[in-house]
Amino acid sequence: MRRLLLIPILTLSAQSHALTLEESVAEAINHHPSIQQKYASFEAAVRYKRAAVGDYLPQVKLYGGVGYENVRYNSGQRVDTELDRSEIGVRVSQLLFDGFRTSSEIDRLDFEKEAERLGLLSDAENLSLEVSRVYLELSMANKIVELSERNIKEHQEVLKNIESRRDKGLSSDSDVAQVRARLATSQSGYLSARNNQMDKQARYYDLVGQLPKDLHDPQPDFNFVPTNLVDAIRLALENHPEIDAAILDTQAASAQHEREKSDFWPTLSLELQANKNDNIGGIEGPDEDARAMLMLSYDLFSGGSTTDRTEAASWRYQQSLAIRKNTQKQVEEGTRLAWNAYEFIGQQRGFYRENVDQAVKAEQGYNKQFELGRRSLLDVLDAKVEVFLARKHYITSHYNYNIAAYRLINATGYLMESFRVDTPEAWTEEK
């Protein structure tokens, strides 16, 4: 099966042909601002992590200055000089040990980068579900509009027949008025269906970025639909990107706690420095020196700030654990709700199909009996309404069943895969 490649931030030309559901999903993910925003956040996290790795490398700084200097004493000797002072130098420093601060910061940013990546996948999954829902609801709205148009035509035919019977003296004006009233009701229902159709078109345009044309009738890949609730919950807990993102957030909070504890340790670095100066300390002439130093810095007292930051990071870790647990509960609840909808709507669909078959038989029988004078016009009109509602209910249940299937696949985290949509390599980069 053909797979679709997503290219974030890239604007593609509008397609002239009708889009399948899979193509609509790809278009939405390619262009929707929420995905672009999340992708930018992920790319920023990647670069923050790279920046932290730079602390392991030597730091080279070039400095210089020029200005006026007035010196009265130098090393206890009165000199009273006014000179134009200049400085230029280079300093190279290499971090040797910082209490594991840099390594902990790299770990934290790496976990956050992965959490952003999984959040991006989760948002893409949810957007795919929303596009699926709107695509199917729009297809359903189109079918109901067609059904409503057919209902109007059938009432118009009944009206024509009753008016002919009235002209022959077989029906009364009240019969004609009754049919006209039902015709007006069917026309009102048609306008309501059209309004709903246009609302779905607007929502589709908002998600996909182009007006819908002739839509296809999609079918979920039932190979991705779990066969029972236990398997559905297991797949959701094992695979859902929101849970994995919450786990990574917890690991990031743990790494942040280790980073804050690093201030209890000394910092050790190697520094190389060379200077070329003029007129330093009130002594006219060049001043040049170079040195290599092993530098140790130990913060003996910081007003309790280090302890407070460490304790705050510990509470952030506890917060992330609670968020992780709540995320798991929400995913499990969402899976249960999706399963319930899938199961019960599937059962309803069978009853609605039977309802259509029996309602059509009843309508056909009532029409024959009406011609024989054994049924009233009201019976015929009621039977026609029953057929219309049965067909409408079946159409609704058919599309809602497919929506429920897509929702269940989304709950397990496999919706984009079921659409055969390929994500960019950066989206699938492993930690």
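## A strand residue and its surface patch

Ile88 lies in strand E3, where strands (E, at least two residues) and helices (H or I, at least four) are DSSP runs numbered from the N terminus. This is a predicted model, in which local features need pLDDT of at least 70 and side-chain atom pairs count only at pLDDT 80 or more, while totals for chains, interfaces and linings use all residues. Residues are numbered from 1 along each chain as its sequence is written, and side-chain values use heavy atoms, with hydrogens and water left out.

Ile88 counts as partly exposed because its relative accessibility is 44%; the scale runs from buried (under 20% relative accessible area) through partly exposed to exposed (over 50%), with a 1.4 Å probe and protein chains only. Together with Val60, Leu62 and Val90, Ile88 forms a nonpolar patch on the surface, with about 380 Å² of accessible area in total. Strands E2 (59-74) and E3 are the elements that give two or more residues to this patch. Patch members have over 30% relative accessible area and no salt bridge, and nonpolar side chains (Val, Leu, Ile, Met, Phe, Trp, Tyr) are joined within 5 Å. A salt bridge here is a side-chain nitrogen of Lys or Arg within 4 Å of a carboxyl oxygen of Asp or Glu. Areas come from the Shrake-Rupley method with a 1.4 Å probe, and for residues only the protein chains shown count as cover.

## Around helix H1

Now to Ser24, which sits in helix H1 (residues 21-31). Ser24 counts as buried because its relative accessibility is 0%. Its side chain makes a polar contact of 2.7 Å with the side chain of Tyr204; such a contact is a pair of N or O atoms within 3.5 Å, one able to donate a hydrogen and the other to accept it. Beyond four places in sequence, Ser24 is in contact (heavy atoms within 4.5 Å) with Leu19, Val131, Tyr135, Tyr204 and Val208.

Ala18 is found in the loop between strand E1 (4-5) and H1. Its C-alpha atom is separated by 9.6 Å from that of Leu211, 193 residues apart along the chain. Setting aside residues up to four places away, Ala18 touches Glu23, Lys213, Asp214 and His216.

## Positive phi values

Phe100, in the loop between strand E3 (77-97) and helix H3 (101-167), has a positive phi near 70° although this residue is not glycine. Phe100 counts as partly exposed because its relative accessibility is 47%.

Arg420, another non-glycine residue, has a positive phi near 60°. Arg420 lies in the loop between helix H9 (415-418) and strand E6 (421-422).

Note on methods: Patch = residues over 30% accessible without salt bridge, like charges linked within 9 Å, V, L, I, M, F, W, Y side chains within 5 Å.
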